[in-house]
Amino acid sequence: MCDESFSINYSVEVPNGVDKGWFMFFVTLLNQIYWVSGSTLGGIIGSLIKFDTTGLEFVMTAMFVVIFLEQWLKEGKHYTALIGLSSAIVCRLVFGSSSFMVPTMICIILLLYFFRKPIEKAGGLI
C-alpha cells in the first residue's frame, strides 16, 4: 500500500452498510491503477517536455508534515506517531542521513506488529 492509500484508508469514515475491507481494497486498487497509468504517462510525456523541478523537495516535505499533523490531531493517543518519530530519530542517529529510511520502516513495522494488541487495548489506532 502506498502512502496515499494509507492516508485515505486511515482518515476516511466508511459509510454504514459498506464493508470496510472491500472499501479499503478498492481504494488501494484504484490508487494503484492511477499510480501505474500516471507513471507511464509521466514517463512518456516527461521525456518530451523539460522543466525545472527546483523546490519540489520542499513541497514533498511539507505534504508529509501536513499528513502527519492531520493524523496527530485525529488520534486521541499518539502511540503510533511516537513509534514512527522515535524510530526515525534513532535510525537517523545510528545509520546516518543517507541510509536511515529502510531501517526506519523495518523498525516501525516490527514495533507496530509486536505492540499492536497493547496499543489497540489502550485505545490507540493501528
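Tutor: We begin with T104, which lies in helix α5; helices are DSSP runs of H or I of at least four residues, numbered from the N terminus. This is a predicted model, in which local features need pLDDT of at least 70 and side-chain atom pairs count only at pLDDT 80 or more, while totals for chains, interfaces and linings use all residues. Residues are numbered from 1 along each chain as its sequence is written, and side-chain values use heavy atoms, with hydrogens and water left out.

Student: Is T104 buried or exposed?

Tutor: Buried means under 20% relative accessible area, exposed over 50%, and partly exposed in between, with a 1.4 Å probe and protein chains only. T104 has a relative accessible area of 2%, and therefore counts as buried.

Student: Which residues is T104 in contact with, leaving aside its neighbours within four places in sequence?

Tutor: Contact means heavy atoms within 4.5 Å. With those neighbours left aside, T104 touches S87, A88 and C91.

Student: How do the axes of α4 and α5 cross?

Tutor: Axes are lines fitted to C-alpha atoms, for helices over the stretch in contact, and angles run from 0 to 180 degrees between N-to-C directions. Here the axes of α4 (residues 79–95) and α5 (residues 101–114) come within 9 Å and cross at roughly 140°. On the α4 side the contact is made by T80, I83, G84, S87, A88, C91 and F95, and on the α5 side by P103, T104, C107, I108, L111 and L112.

Student: How many residues of this contact are nonpolar, polar or charged?

Tutor: Ala, Val, Leu, Ile, Met, Phe, Trp, Tyr, Cys and Pro count as nonpolar, Asp, Glu, Lys and Arg as charged, and the others, Gly among them, as polar. The contact of α4 with α5 has nine nonpolar residues, four polar and no charged.

Student: Where is W72, and which residues does W72 contact beyond four places in sequence?

Tutor: W72 is located in helix α3 (residues 56–74). Its contacts, neighbours within four places aside, are H78, A81 and L82. At 29% relative accessibility, W72 is partly exposed.

Student: Where is G123 placed?

Tutor: G123 belongs to the segment after α6 (116–121). G123 is partly exposed, at 47% relative accessibility.

How values were computed:
Helices (H or I, at least four residues) and strands (E, at least two) are DSSP runs, numbered from the N terminus.
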